[in-house]
Amino acid sequence: MCSVRDLTTTTMAGYKLTYFDFRGRADLIRLLFVSAGIEFEDIRISLDEWPALKPKTPCGRLPILEFGGTTLSESRAIARYVAKETNQYGKDNIEQARVDMITDVADDLMMGIMKAYWQKNQSDQDEMMKTHFQQESLKTLALLETFLVENNGGDGFFVGDKLTMADIYLFVVTEPFLAKNPSCFKDTPKLAALRQRVQEVPQIAEWLPNRPERFSAIM
């Protein structure tokens, strides 16, 4: 059972985010902090360090976010908290519901990627990635483009008139697809343009070279 409890041993003020030394489930959280200009302690541990830390975490997994005597676990819960605290989650319940809807749909992209990358054989991995992209991911990208166009013609952001968690998550979740399929946005130009706008946010552009190089433990 998970719980929110005091775990931190640090005495410094502010946020302390702990995750492995790859992008993974912490990438969205890091970028939410960065885009809002909020300083945070970015703790990146090795896989060898994890067994000793695991029993001390609320849910037995990472990431965790520590601040003011509180520890939060579960990556999406942390991301929502940070998005709300930094005004990147929509201005009302309807906008927040749309942010959730879009991020949930975008999850379908990541699920296919992970299934493919867990294949031990490289040829099986490539074939599954190709099949999933052709049969499922193109549909998901088209649906996301439709959602984007519904808001101001698709020339701004997914929700409202400023950057939200939904836009940043699109940036995060489509990176592995771009690595394997550089032309994956050829039928969704509005999404491609949105992704570029996210990448060009000054704080994000400055921070990107400092990101972990790997997507995950297996990518």
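Which residue stands opposite Glu66 of S3? Lys16 takes that place. This is a predicted model, in which local features need pLDDT of at least 70 and side-chain atom pairs count only at pLDDT 80 or more, while totals for chains, interfaces and linings use all residues. Residues are numbered from 1 along each chain as its sequence is written, and side-chain values use heavy atoms, with hydrogens and water left out.

**Strands**

- Helices and strands are DSSP runs numbered from the N terminus, a helix being H or I with at least four residues and a strand being E with at least two.
- Strands S1 (residues 15–20) and S3 run antiparallel and are joined by three bridges; two strands pair if DSSP finds at least two bridges between them.
- Strand S4 (residues 70–73) is also antiparallel to S3, and four bridges join the two.
- Glu66 stands opposite Thr71 in S4.
- Both faces of S3 (residues 64–67) are covered, with Ile64 and Glu66 buried on one side and Leu65 and Phe67 buried on the other.
- Buried means under 20% relative accessible area, exposed means over 50%, and partly exposed lies in between (1.4 Å probe, protein chains only).
- The hairpin of S3 and S4 has two residues between the strands, and Gly68 there takes a positive phi near 50°.

**Helix H6**

- H6 covers residues 165–180, which makes 16 residues, and reaches 24 Å from its first C-alpha to its last.
- That reach is close to the 22 Å expected at 1.5 Å a residue, where the expected span is 1.5 Å times one less than the number of residues.
- A kink of about 40° lies at Thr174, shortly before the proline Pro176; the bend at a residue is the angle between axes fitted to the seven residues ending there and the seven starting there.
- Because 13 of its 16 residues are buried, H6 is largely enclosed by the rest of the structure.

**Nonpolar core**

- In soluble globular proteins, nonpolar side chains tend to be buried together.
- A nonpolar core is a set of buried Ala, Val, Leu, Ile, Met, Phe, Trp, Tyr and Cys residues joined through side-chain atoms within 4.5 Å.
- The largest such core has 55 residues, of which Leu31, Leu32, Leu144, Phe158, Met165 and Leu191 touch the most other members.
- H6 supplies the largest share of this core, with nine residues.
- Leaving aside neighbours within four places in sequence, the contacts of Phe158 include Ile102, Leu144, Phe147, Leu170 and Leu191; contact means heavy atoms within 4.5 Å.

**Salt bridges**

- The whole structure holds 14 salt bridges, each being a side-chain nitrogen of Lys or Arg within 4 Å of a carboxyl oxygen of Asp or Glu.
- Arg61 and Glu74 meet through their side chains in a salt bridge (2.7 Å, N to O).
- Arg61 lies in the loop between helix H2 (50–53) and S3, and Glu74 in the loop between S4 and helix H3 (75–85), so the pair ties together parts that are 13 residues apart in sequence.
- Arg61 is partly exposed at 42% relative accessibility, and Glu74 is partly exposed at 32%.
- A salt bridge also joins the side chains of Arg44 and Asp42 (2.8 Å, N to O); Arg44 is partly exposed at 29%, as is Asp42 at 22%.
- Glu95 and Lys91 form a salt bridge (2.6 Å, N to O), in which Glu95 is buried at 13% relative accessibility and Lys91 is exposed at 69%.
- Glu95 is found in helix H4 (residues 93–117) and, leaving aside neighbours within four places in sequence, is in contact with Tyr89, Gly90, Val159 and Gly160.
- A network of salt bridges links Arg23, Asp27, Glu175, Arg195 and Arg211.

**Backbone details**

- The peptide bond from Leu62 to Pro63 is cis, with omega near 10°, and Pro63 is found in the loop between H2 and S3.
- Glu74, a residue other than glycine, has a positive phi near 80°.
- Asn152 is also a residue other than glycine with a positive phi, near 60°.
- Asn152 is placed in the loop between helix H5 (122–149) and H6 and counts as exposed at 59% relative accessibility.
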